[in-house]
Amino acid sequence: MGTGDFVCISMTGGAPWGFRLQGGKEQKQPLRVAKIRSQSKASRSGLCEGDEVVSINGNPCADLTYPEVIKLMESITDSLQMLIKRRVDAPFLFLEDQFHPPSLQHLLGYTSLLMATLANQLMG
């Protein structure tokens, strides 16, 4: 996957989430965020264009085709958690013109999401 930072992104309230994906196993490309709609849940959550999607609600994405990812996204009704990998050279993220350090809840969510992703990879 290369170098980068892992970030946990959480959104609630159901679709539309406000982002578009590209890539997938059949294209031999990592699943990446292609576009973020301004003023959307995705933009408010800190998701960035170019982010690599590692897992969606604990489901690893590396071996999913694009249609499988779309089916997974359509099955999510209220809460979306994504483990993403952000490039090292990506600009710093500022929300509403001020930096927001990660909260304990965000860090705990990241840890549980990472553990779920690893468990799914080991069991699958």
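This is a predicted model: local features need pLDDT of at least 70, side-chain atom pairs count only at pLDDT 80 or more; totals for chains, interfaces and linings use all residues.
User: Is strand β4 buried or exposed, and why?

Analyst: One considers the accessible area of each residue, where buried means under 20% relative accessible area. In strand β4, residues 52-56, five of the five residues are buried, so the strand is largely enclosed by the rest of the structure.

User: Which strands pair with β4?

Analyst: In general, the side chains of a regular strand alternate between the two faces of the sheet. Here, β4 pairs in the antiparallel sense with strand β6 (residues 79-87) over four bridges; within that pairing, S55 has L83 as its bridge partner. Strand β5 (residues 59-60) also pairs with β4 in the antiparallel sense, over two bridges, and N59 is the bridge partner of I56.

User: How many residues lie between β4 and β5 in their hairpin?

Analyst: Two residues separate them, and N57 in this turn has a positive phi of about 50°.

User: How many salt bridges does the structure hold?

Analyst: The structure holds two. In one of them, E52 meets R32 at 3.8 Å, N to O. This pair links distant parts of the chain, with E52 in β4 and R32 in strand β3, 20 residues apart. E52 is buried, at a relative accessible area of 8%, whereas R32 is partly exposed, at 27%.

User: Where in the chain are R86 and D51, which form a salt bridge?

Analyst: The closest N and O atoms of R86 and D51 are 2.8 Å apart. R86 belongs to β6, while D51 lies in the loop between α1 and β4, 35 residues apart. Both residues are buried.

Terms used: Residues are numbered from 1 along each chain as its sequence is written. Side-chain values use heavy atoms; hydrogens and water are left out. Buried means under 20% relative accessible area, exposed over 50%, partly exposed in between (1.4 Å probe, protein chains only). Two strands pair if DSSP finds at least two bridges between them. A salt bridge is a side-chain nitrogen of Lys or Arg within 4 Å of a carboxyl oxygen of Asp or Glu.
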